[in-house]
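Here's a quick briefing to read alongside the model. Have the sequence and the 3D view open, and let's walk through it topic by topic.

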Number of protein chains: 2
Amino acid sequence: MPAKNAPFSRHEYDRRIAMTRAAMQDAGLDLLFVTDPSNQAWLTGYDGWSFYVHQGVLLGLEGDPIWWGRYMDSVGANRTCWMEAESIHGYADNYVQSTERHPMQDLAKHIRTLGFEGVRIGVEMDNYYYSAKAHLVLVQELPQVQIKDATALVNWQRLVKSEDEIGFIRKAARISEKIMATALDKAAPGVRKNDLVAEIFHAGITGVGEIWGDYPAIVPLTPSGLDATAAHLTWDGTPMREGEATFFELSGCYRRYHAPLCRTIFLGTPPQEMLDAEQAQLEGISAGLEAARAGNRTCDIANAFIGVLQKHGIHREGRCGYPIGLSYPPDWGERSASIRSEDQTVLQPGMVFHFMPALWMDTWGLETTETILITENGSAEALCDVERKLFVKS
Amino acid sequence: MPAKNAPFSRHEYDRRIAMTRAAMQDAGLDLLFVTDPSNQAWLTGYDGWSFYVHQGVLLGLEGDPIWWGRYMDSVGANRTCWMEAESIHGYADNYVQSTERHPMQDLAKHIRTLGFEGVRIGVEMDNYYYSAKAHLVLVQELPQVQIKDATALVNWQRLVKSEDEIGFIRKAARISEKIMATALDKAAPGVRKNDLVAEIFHAGITGVGEIWGDYPAIVPLTPSGLDATAAHLTWDGTPMREGEATFFELSGCYRRYHAPLCRTIFLGTPPQEMLDAEQAQLEGISAGLEAARAGNRTCDIANAFIGVLQKHGIHREGRCGYPIGLSYPPDWGERSASIRSEDQTVLQPGMVFHFMPALWMDTWGLETTETILITENGSAEALCDVERKLFVKS
């Protein structure tokens with residue numbers, strides 16, 4: 001079975017594995033079992049919509065990683081991973097959603113076959129798709145093994161992006177600009193929200209020239225009016241209306257890399273309180289970008305933003321952002337650092353965040369956000385080139 | 001905060017809750033904690049892309065269910081659930097992706113506040129988004145409580161659809177027909193796969209007249225050639241080529257209800273072995289539909305199909321289908337019964353399955369599938385009206 005080209009060079013995967021192994025040794029681990037689809041792809045190149053069944057990557061302190069999953073998906077692993085066929089292991093189909101057997105029994109057997117007995121294995125206790133049952137079965141099947149929590153161990157290695165990864169995110173940003181322009185252009189009273197979202201998907205997946213569009217890890221969020229007071233409602237068939245604000249939370253995606261972006265449009269004449277909030281938000285974003293520089297901490301960004309809001313009399317709770325990059329549903333966030341007052345992560349060049357200073361008020365929402373790159377010197381670079389303001393269409 | 005209309009009548013939700021409570025009593029449960037987004041929506045109407053953080057529904061043996069999740073999503077719960085505000089509970093944002101605190105600590109506190117001490121709680125140990133860590137924290141925080149595995153307890157209640165649900169699936173089927181026609185029409189040598197997928201998304205989300213399109217729980221799968229030997233690879237920017245088969249695994253979605261459908265197209269002249277396999281597959285599908293009647297079992301469908309394939313000298317492993325209906329990513333399957341030789345589920349009128357007799361061969365794939373409704377009398381009804389054959393375009 002000839003493999004396709006993995007998205008990155010072998011050198012890049014070697015770098016990632018070396019970093020991960022160093023973290024494993026710091027955590028006292030001999031073996032790591034990775035279920036988060038983003039972590040699997042980051043280490044091996046595996047790319048398929050198969051994360052709805054149990055699967056994962058085993059990484060020891062030497063040798064190639066091993067992709068483990070359903071047999072029919074091992075075919076896709078052979079097509080997309082950079083490793084050779086002997087490092088791809090498929091389990092029989094009658095393990096799938098069975099009440100009699102569990103896929104983790106197969107994994108445990110495979111771990112024993114590989115000679116990993118009496119070792120310390122790290123598992124992603126709180127990452128996606130590692131269920132409570134999967135853990136209990138693994139513990140039961142490997143009584144000689146010490147199983148430790150390695151939640152987010154790989155996620156933290158992903159925080160500083162390589163030049164190649166930044167290149168992918170810049171490509172995603174070109175798509176984000178295109179889809180935001182499409183959304184702002186098509187939005188009008190009477191336009192059904194689903195028809196607008198159809199245009200957004202079409203723009204995002206056709207992409208920009210050679211930059212073909214992949215599926216984003218979160219669907220377009222485009223709520224209007226009262227729906228926009230909630231953060232995560234999806235669309236329906238209701239037409240857009242005069243007198244309402246709609247926010248667009250969107251991301252282009254290039255080979256699983258994202259560049260999320262939000263803008264808000266008001267159809268008609270915005271109320272003064274929204275215009276006031278816009279000014280506070282824009283000033284807060286500028287303050288946040290100023291604070292987003294190497295050597296500062298994530299909390300400095302949040303505090304700079306929240307400080308400006310407070311000056312304007314706006315109370316705002318919740319995170320103001322998170323790292324982004326390679327992701328699969330259900331989230332495009334990387335789930336390591338957070339931009340919030342209690343987070344002390346030191347900013348380094350090459351980190352990329354979705355700086356997310358959204359305002360969800362009692363009767364309307366105002367989202368204006370940026371994907372930002374921490375640079376060597378100076379303040380952060382906003383990777384999407386879209387005017388930063390509340391858009392108004394009369 | 002005025003609520004939007006939940007998709008179904010209160011009568012329908014009452015029916016679902018009564019069934020679930022009967023199953024809880026059979027399983028010796030006083031309280032159920034449901035994390036599977038599909039189960040949450042099925043019980044309460046909750047609809048938002050927020051399943052990337054810990055959230056769920058608590059259902060006791062009396063009173064309304066309680067939606068529990070992140071505070072900012074409780075706003076969306078108030079917009080979409082049929083229950084009153086006192087049955088919506090939001091936790092503070094600093095529980096989200098924190099290394100110091102875990103959302104399940106808040107849930108445990110809420111369970112104690114509600115007076116559920118010394119009871120038996122069912123949790124979905126192997127459903128989506130109930131992580132190993134979530135379980136361990138809950139167990140630790142509720143030492144007086146007996147926690148039992150209730151995986152798929154709600155999923156099994158969803159197996160027989162109400163008339164209203166069948167109505168939704170029929171609407172989704174209209175969209176599935178439209179997107180399949182679009183895919184078959186646009187497919188041609190030189191067309192980039194991502195551009196084809198963009199057309200598929202556009203067709204699916206615009207929908208059919210009043211039937212607006214929601215996002216499917218799985219993205220369109222459209223692999224060609226060797227990629228089609230794997231079941232779950234997604235698209236890239238490669239142009240379609242003469243001499244290759246491409247399968248389309250697609251679903252329209254109406255208010256989270258699905259009607260999956262697959263067809264395969266060959267650009268050029270298909271090899272004889274593929275034409276032979278087509279005949280075997282079509283004959284096998286007919287046999288499966290004949291066997292798919294009330295009173296028979298799921299295994300009867302699988303055995304009828306596999307029996308025909310064997311007669312034609314084709315060996316095929318793996319499931320041949322699963323129930324479908326209301327779903328959220330990452331899967332549109334319902335994860336209760338399976339259409340496979342070892343499954344003994346008795347078919348009843350109102351059950352809806354994706355009958356999935358796909359063939360993944362060494363050098364090509366051939367997917368021809370149907371969403372089928374088990375009827376009162378006679379064989380199953382295929383809900384999508386698309387010619388059942390290998391499509392060929394020269």
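Predicted model: local features only at pLDDT ≥ 70, side-chain atom pairs only at ≥ 80, totals over all residues.

- For residues 16-160 of chain A, the end C-alpha atoms sit 11 Å from each other.
- Helix makes up 38% of residues 16-160 of chain A, and strand makes up 18%.

**A three-stranded sheet in chain A**
- Look for an open sheet of 3 strands in chain A, ordered β7-β8-β15, where the pairing is mixed.
- β7 (244-254) and β15 (390-393) of chain A are the edge strands, and each has a single partner strand, so one side of each has no neighbour in the sheet.
- On average, neighbouring strands in this sheet are turned by 30 degrees against each other, if you ignore direction.
- β7(A) and β8 (residues 257-267) of chain A run antiparallel and are joined by 11 bridges.

**Where chain A meets chain B**
- On the contact count, 79 residues of chain A touch 79 residues of chain B.
- Together, chain A and chain B bury about 6,600 Å² between them, and 56% of that is on carbon and sulfur atoms.
- Which residues of chain A lose the most area to chain B? They're W49(A), Y52(A) and H232(A), together accounting for 11% of what that side buries.

**Polar links and helices at the interface**
- There are 49 residue pairs in polar contact between chain A and chain B, counting pairs with both residues at pLDDT 80 or more.
- The interface of chain A and chain B also has 6 salt bridges.
- One salt bridge pairs R101(B) with E342(A), and their closest N and O atoms are 3.0 Å apart.
- On the side of chain A that touches chain B, α3 (71-80), α5 (132-141) and α8 (193-206) of chain A each supply at least two residues.
- α8(A) gives the most to that side of chain A, with 9 residues.

How values were computed: Residues numbered from 1 in each chain as written. Chains lettered and ligands numbered in written order. Heavy atoms only, no water. Pairing = 2+ DSSP bridges. Helix = DSSP H or I, 4+ residues; strand = E, 2+ residues; numbered from the N terminus. Axes fitted to C-alpha atoms, helices over the stretch in contact; angles between N-to-C directions. Contact = heavy atoms within 4.5 Å. Buried area = accessible area lost by both parts, 1.4 Å probe. Salt bridge = Lys/Arg side-chain N within 4 Å of Asp/Glu carboxyl O. Polar contact = N/O pair within 3.5 Å; in protein donor to acceptor, adjacent residues only side chain to side chain.
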